[in-house]
Amino acid sequence: QAQLVESGGGLVQAGGSLRLSCAASGRTFSSAGMGWFRQAPGKEREFVAAITWSGGSTYYADSVKGRFTISRDNDKNTVYLKMNSLEPEDTALYYCAAGYGIGTMTRSRNPNEYDYWGLGTQVTVSS
């Protein structure tokens, strides 16, 4: 069965960097758009970034634009989220998701457009 597994989270000081990975298995996700969402304690899940199946288009939340970069390697069935200049406000559980209708900013921001989800990886940024 299809499975998404996130890794790369951890504890980092403000201003530091992390790279999250999301490995897909069980089916080919090369034709799926991929997204990253995050959820902090007591807050709703929020969109972070997304990338279309070809990698030709990327979308970012305003709060991470210029600091985070999403990319994918379809040969490895893996999507990445490079996070630079991390802030305490970035502390959250980060989820990877895959959807077959992701092609616009509007759709990529909507969690309901995604068909598969990982269990998340924790990112904690200390001040």
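In this predicted model, 4 strands form an open sheet in the order 1-3-8-7, and the pairing is antiparallel. Strand 1 (3-7) and strand 7 stand at the edges with a single partner strand each, so one side of each has no neighbour in the sheet. Direction ignored, neighbouring strands of this sheet are turned by 15° against each other on average.

**Pairing of strands 1 and 3**
- Strand 1 and strand 3 are joined in the antiparallel sense over 5 bridges, and within this pairing Leu-4 stands opposite Ala-24 in strand 3.
- Strands of a sheet pair through backbone hydrogen bonds, in either a parallel or an antiparallel sense.

**The nonpolar core**
- The largest nonpolar core holds 36 residues, of which Met-34, Trp-36, Leu-81, Met-83 and Tyr-94 touch the most other members.
- Several strands each supply at least two residues of this core, among them strand 3 (18-25), strand 4 (33-39), strand 8 (78-83), strand 9 (92-99) and strand 11.
- Leaving aside neighbours within four places in sequence, Leu-81 is in contact with residues including Leu-18, Leu-20, Trp-36, Val-48, Phe-68, Ile-70 and Tyr-94.

- Thr-121 belongs to strand 11 (residues 121-126), and it counts as buried because its relative accessibility is 11%, where the cut-off for buried is under 20%.
- A polar atom of the Thr-121 side chain lies 3.2 Å from the backbone nitrogen of Gly-9.
- Beyond its neighbours within four places in sequence, Thr-121 is in contact with Glu-6, Ser-7, Gly-8, Gly-9, Leu-20, Ala-92, Leu-93 and Tyr-94.

Terms used: Residues numbered from 1 in each chain as written. Predicted model: local features only at pLDDT ≥ 70, side-chain atom pairs only at ≥ 80, totals over all residues. Heavy atoms only, no water. Buried < 20%, exposed > 50% of the residue type's maximum accessible area, 1.4 Å probe, protein only. Polar contact = N/O pair within 3.5 Å; in protein donor to acceptor, adjacent residues only side chain to side chain. Contact = heavy atoms within 4.5 Å. Core = buried A, V, L, I, M, F, W, Y, C linked by side-chain atoms within 4.5 Å. Pairing = 2+ DSSP bridges. Axes fitted to C-alpha atoms, helices over the stretch in contact; angles between N-to-C directions.
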